[in-house]
Amino acid sequence: MKKQICILGSTGSIGTQALDVIEQHADLYEVYCLTANNRYKELAEQARKFRPAAVVIANEAHYEPLCQLLNDCPDVKVYAGKAALDEIVSATPIDMVLTAMVGFAGLSPTIHAIQARKKICLANKETLVVAGELICKLAQQHHVPILPVDSEHSAIFQSLVGENDNEIEKILLTASGGPFRTYTLERMRHVTAADALKHPTWEMGAKITIDSASMMNKGFEVIEAKWLFGVPVEKIQVLVHPQSIVHSAVQFADGGIKAQLGVPDMRLPIQYAFSFPERLPLHGQRLDMFKQPLEFFEPDMGKFKCLALAYEAMRQGGNMPCVLNAANEVVNEAFRHGKCSFLDMGNIIEKTMQRVSYDKSSQFQIYVDTDAETRRVAEEMVHELRR
């Protein structure tokens, strides 16, 4: 029987590439549900093509327009609201849930999917950044596998297959370095959102592209790797690798290093999460090792404060990574809309981490309260910049 897949965030970069994978393997996979936040027109187009059992638009303001676009598709049920996201992932026919939503909003439906014992294909890194301890406990309690979809974590996962309990000496987490890798700190003071959105190797959504430029995205991935692979942050080393060919590597106790290489294409890690432990054919470009040099550099923590703050948040633990994420969501949006500078982002996050109440517990409500408090504090700081 075909595996039934629910895609949370189907209109984004990961979601659309996942649909391409499903289309290539229509004999193995079928879409059960598609969801989006605001892009109801794109969601309607996807629903017409893939005919899922249901679609969910998180922003309830788009419910009626979406219904009108799908009024001649009676086989597709339309739901709206955040509660509907939590409910749909529990639907009995679903075999796996691809969590491709952006930000804190992905946490609650992921928790509900785990509680419903669905296989999790995790592309929403904020879920583990904010609530890694809680998510790992729930996954263990409900015997739910969490397979990484981020290219870096998929590479680590692939490098660990067959290694059983062999000791990990170090995780080598690669980063492109973003568009400002060679900029001086002075030059970075004047960059714009348009500059930051010109990523040198990957095509991603606006939020994650800005996070890549600030290297906060890599900081999130450090935290995510800690929870996924049970390795302390001290054993996770970030390597700036501009070519984005080595997607990440693992160094073992004997000094040997295993890495996964490939062209910058998210369809491979998406498909591997769907099909593991099998490897299926995938149409697309192949890596030509003769045409691509491989370079590695140490990240400049002074220029990229956000990466340093991610390490600090993980060292403190508790709700501090949640503070890090919420503050970053605020300043990321502010930067994209010209309300703060590129370097202001790291400064505001740092000050917010110092002001928000610390709590070491791992309860869902604590994360919800922390997220709300952090956003208030960070938004006040952004507002103060404009006075």
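Predicted model: local features only at pLDDT ≥ 70, side-chain atom pairs only at ≥ 80, totals over all residues.
1. Arg-267 and Asp-20 form a salt bridge, with the closest N and O atoms 2.8 Å apart; the term denotes a side-chain nitrogen of Lys or Arg within 4 Å of a carboxyl oxygen of Asp or Glu. The pair joins distant parts of the chain, since Arg-267 belongs to helix α12 and Asp-20 to helix α1 (residues 13-24), 247 residues apart. Arg-267 is buried at a relative accessible area of 13%, whereas Asp-20 is partly exposed at 27%. Here buried means under 20% relative accessible area, exposed over 50%, and partly exposed in between (1.4 Å probe, protein chains only). Helices (H or I, at least four residues) and strands (E, at least two) are DSSP runs numbered from the N terminus.

2. Residues are numbered from 1 along each chain as its sequence is written, and side-chain values use heavy atoms, with hydrogens and water left out.

3. The whole structure contains 19 salt bridges. One of them pairs Glu-221 with Lys-125, the closest N and O atoms being 4.0 Å apart. This pair also links distant parts of the chain: Glu-221 lies in helix α11 and Lys-125 in the loop between β6 (119-122) and α6, 96 residues apart. Glu-221 is buried, at 2% relative accessibility, and Lys-125 is buried as well, at 4%.

4. A local pair is found in helix α6, where Glu-133 and Lys-137 lie four residues apart, about one turn of the helix. Their side chains meet in a salt bridge of 3.4 Å, N to O. An α-helix has 3.6 residues a turn, so residues three or four places apart point the same way. Glu-133 is partly exposed, with a relative accessible area of 32%, and Lys-137 is partly exposed at 45%.

5. Helix α10 (residues 206-214) is mostly covered, with seven of its nine residues buried. Among the buried residues are Lys-207, Ile-210 and Asp-211. Their cover includes α6 (126-141), α11 (216-229), α13 (305-316) and α14 (320-336).

6. Leu-261, Met-289, Leu-294 and Phe-296 make a nonpolar surface patch of about 340 Å². Patches consist of residues with over 30% relative accessible area and no salt bridge, like charges being joined within 9 Å and nonpolar side chains (Val, Leu, Ile, Met, Phe, Trp, Tyr) within 5 Å; accessible areas come from the Shrake-Rupley method with a 1.4 Å probe, and for residues only the protein chains shown count as cover. Met-289 is located in the loop between α12 (267-275) and α13, and counts as partly exposed at 49% relative accessibility.

7. The protein is divided into domain 1 (3-148), domain 2 (151-265 + 285-301) and domain 3 (317-386), with bounds from an automatic or database domain assignment. The centres of domain 1 and domain 3, taken over C-alpha atoms, are separated by 27 Å. Contact (heavy atoms within 4.5 Å) involves 12 residues of domain 1 and 10 residues of domain 3.
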